[in-house]
Structure formats: C-alpha cells, structure tokens
Amino acid sequence: LGLVSALSALATDFAQASEVPVTRKLDQRLPELSRDAELVLYRIAQEGLTNVARHADATRVELALTRQPDGVLLRIADDGRGLEGAAEGAGIRGMRERAILIGAALQIEPRSGGGTDVRLLVPS
C-alpha cells in the first residue's frame, strides 16, 4: 500500500479507537526511502499515537509526513498534557533506538501552547 496509505489508515484507526480527531498532512511526493526507513517511520508514528491515547489526554492530534530539503520529516503534535515530569518509558526508548538504526534524528519536546511535539527527520 505504501507508507502514505499505511499512515492514513493508522490515523483513521487511531481516531476511531481513541475518539481523538487526527489532522493529516501527508505529502504524496516523497523521496525514495529504504524499506527499513519506511518501517521506522510507521512504527514511530504508531508509538507516538499510542502515547497520545495512553498519556496525553489530548483533544486533537496532527500527523504530518513532509518532504524536507534534507530528507523526510514525520511530526506528531498533540494538545494534551505535555511531558512535565514524565519519565521516559520503554515506548520512547524504542523510538530512539529505531531512529538510531536508520541514522534519523528524533526530537520529543513540549509544545509552547501545551502538548507534545514528536519530530523524526529521516535523511534522504
């Protein structure tokens, strides 16, 4: 089905199960990615959305996959509780390990208006 279709289906399933609406910004024109990179992008999106459902108490989330000059950027941003005082669990550690495997940069930060911003930049 391809990465964009898989992420779209993931967003639909997440929104139905969690009742948290997902805004999608999925670029159809991406540079060629390895199968490993596509799998890491999907799994990090999956874990990011799972964290929103389990921990964020969010009312909305944005899932974006966009072409960048230096690669592909996956972004999961929610309007939930944010990271204040939360310990890094196995899910985030797994995300970091997956990113390292493909030479990607992972950032997980609080959003200025509340919530969490997860960014994965996969070099092309």
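At 61% relative accessibility, Asp-57 counts as exposed, a term used for residues over 50% relative accessible area, with buried meaning under 20% and partly exposed in between (1.4 Å probe, protein chains only). Asp-57 is located in the loop that joins helix 2 (35-56) to strand 2 (61-68). Its phi is near 55 degrees, a positive value in a residue other than glycine. Glu-19 likewise has a positive phi, near 60 degrees. Glu-19 sits in the loop between helix 1 (3-18) and strand 1 (22-26), and with 69% relative accessibility it counts as exposed. Most residues other than glycine have a negative phi.

The model is predicted, and local features were taken only where pLDDT is at least 70 and side-chain atom pairs only at pLDDT 80 or more, whereas totals for chains, interfaces and linings use all residues. Residues are numbered from 1 along each chain as its sequence is written, and side-chain values use heavy atoms, with hydrogens and water left out.

The protein contains three helices and five strands, where helices (H or I, at least four residues) and strands (E, at least two) are DSSP runs numbered from the N terminus. Their order from the N terminus is α-β-α-β-β-α-β-β. The radius of gyration, taken over C-alpha atoms, is 14 Å, close to the 14 Å that the globule rule gives for 124 residues, so the protein is as compact as a globular protein of that length. The rule itself is 2.2 Å times the number of residues to the power 0.38. The C-alpha trace spans about 35 × 25 × 25 Å along the principal axes of the protein.

Buried residues account for 40% of the 124 residues. The accessible surface, from the Shrake-Rupley method with a 1.4 Å probe, is about 7200 Å², and carbon and sulfur atoms hold 46% of it. Of the contacts (heavy atoms within 4.5 Å) with a separation of 6 or more, 65% link residues 24 or more positions apart.

Nonpolar side chains tend to be buried together in soluble globular proteins. A nonpolar core is defined here as a set of buried Ala, Val, Leu, Ile, Met, Phe, Trp, Tyr and Cys residues joined through side-chain atoms within 4.5 Å. The largest such core has 35 residues, and those with the most contacts inside it are Leu-41, Leu-63, Leu-65, Leu-74 and Leu-120. At least two residues of this core come from each of helix 1, strand 1, helix 2, strand 2, strand 3 (71-78), helix 3 (90-101), strand 4 (105-110) and strand 5 (116-123). Helix 2 gives the largest share, eight residues.

Leu-63 belongs to strand 2 and is buried, at 0% relative accessibility. Its C-alpha atom is separated by 5.8 Å from that of Arg-75, 12 residues apart along the chain. Beyond its neighbours within four places in sequence, Leu-63 is in contact with residues including Leu-7, Ala-11, Val-22, Ala-45, Leu-74 and Arg-75. For Leu-120, with residues up to four places away in sequence not counted, the residues touched include Leu-41, Ile-44, Leu-74, Ala-99 and Leu-106.

Thr-116 lies in strand 5 and is buried, with a relative accessible area of 9%. Neighbours within four places in sequence aside, Thr-116 is in contact with residues including Ile-76, Asp-78, Gly-82, Ile-108 and Arg-111.
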